[in-house]
Amino acid sequence: MWSRQPPSMVADAPLNGGQKVGNRMADNAQDMARSVAETMIGNCGFSQGLGMRIADAGPDFAAIEMTLTSLHMNGHDICHGGAIFAMADTAFAHACNSDNIVTVAQQCQVNFLKPGKLGDVLCATAQARSLAGRTGIYDVAVTDQNGALIAEFRGMCRKLSGPV
């Protein structure tokens with residue numbers, strides 16, 4: 001339903017001898033990205049507690065879904081901005097760690113464009129915009145189940161070292 005991954009020439013590129021992510025082996029960049037996303041969300045109680053789930057993942061790309069419940073509502077009976085930010089940040093994290101190198105956020109910005117409502121199914125889709133050395137810029141679009149744009153997020157990340 002949410003499969004919005006752009007075509008990638010490296011998605012099925014083989015990895016030399018496979019690569020281990022957590023307790024999983026990945027044979028190509030697509031498998032690697034999916035394994036990294038599964039490992040990261042599996043280790044993140046915060047994302048799990050908010051009800052986030054992986055919709056899709058690929059090299060420098062990720063999509064996260066979340067159904068809005070009363071837990072996500074603020075005092076105005078619309079989705080709390082922190083829930084939307086957290087969802088966008090999670091998609092950003094999965095996308096920028098998709099190559100299995102520990103990568104952290106340096107700076108993030110979010111623009112809230114439309115309120116999320118109780119029962120909405122939101123999807124945060126992250127995609128790399130620029131990669132230079134150890135720094136990356138990623139854009140994340142948060143949409144509802146009808147494709148309406150709820151928020152836009154831009155994150156800058158920094159690659160550290162070691163596997164996820």
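This is a predicted model: local features need pLDDT of at least 70, side-chain atom pairs count only at pLDDT 80 or more; totals for chains, interfaces and linings use all residues.

Entry 1. I started with Arg53, which is partly exposed at a relative accessible area of 32%. I looked up the partner of Arg53 and found Glu65, with a salt bridge of 3.4 Å, N to O. The two sit in distant parts of the chain, Arg53 in strand E3 and Glu65 in strand E4 (residues 61-67), twelve residues apart. Is Glu65 buried or exposed? Glu65 is buried, at a relative accessible area of 14%.

Entry 2. Next I checked Arg34 and found its side chain in a salt bridge with Asp56 (3.0 Å, N to O). This pair also links distant parts of the chain: Arg34 belongs to helix H1 (residues 29-42) and Asp56 to strand E3 (residues 53-58), 22 residues apart. I got 35% relative accessibility for Arg34, which is partly exposed. Asp56 came out buried, with a relative accessible area of 5%.

Entry 3. Then I went to the loops. Asp144 forms a salt bridge with Lys114, and their closest N and O atoms are 3.9 Å apart. Asp144 is in the loop between strand E7 (135-143) and strand E8 (149-159), while Lys114 is in the loop between strand E5 (103-112) and strand E6 (121-132), so the pair ties together parts 30 residues apart in sequence. Asp144 is buried at 4% relative accessible area, and Lys114 is partly exposed at 38%.

Entry 4. Last, I took the count: six salt bridges.

Note on methods. Residues are numbered from 1 along each chain as its sequence is written. Side-chain values use heavy atoms; hydrogens and water are left out. A salt bridge is a side-chain nitrogen of Lys or Arg within 4 Å of a carboxyl oxygen of Asp or Glu. Helices (H or I, at least four residues) and strands (E, at least two) are DSSP runs, numbered from the N terminus. Buried means under 20% relative accessible area, exposed over 50%, partly exposed in between (1.4 Å probe, protein chains only).
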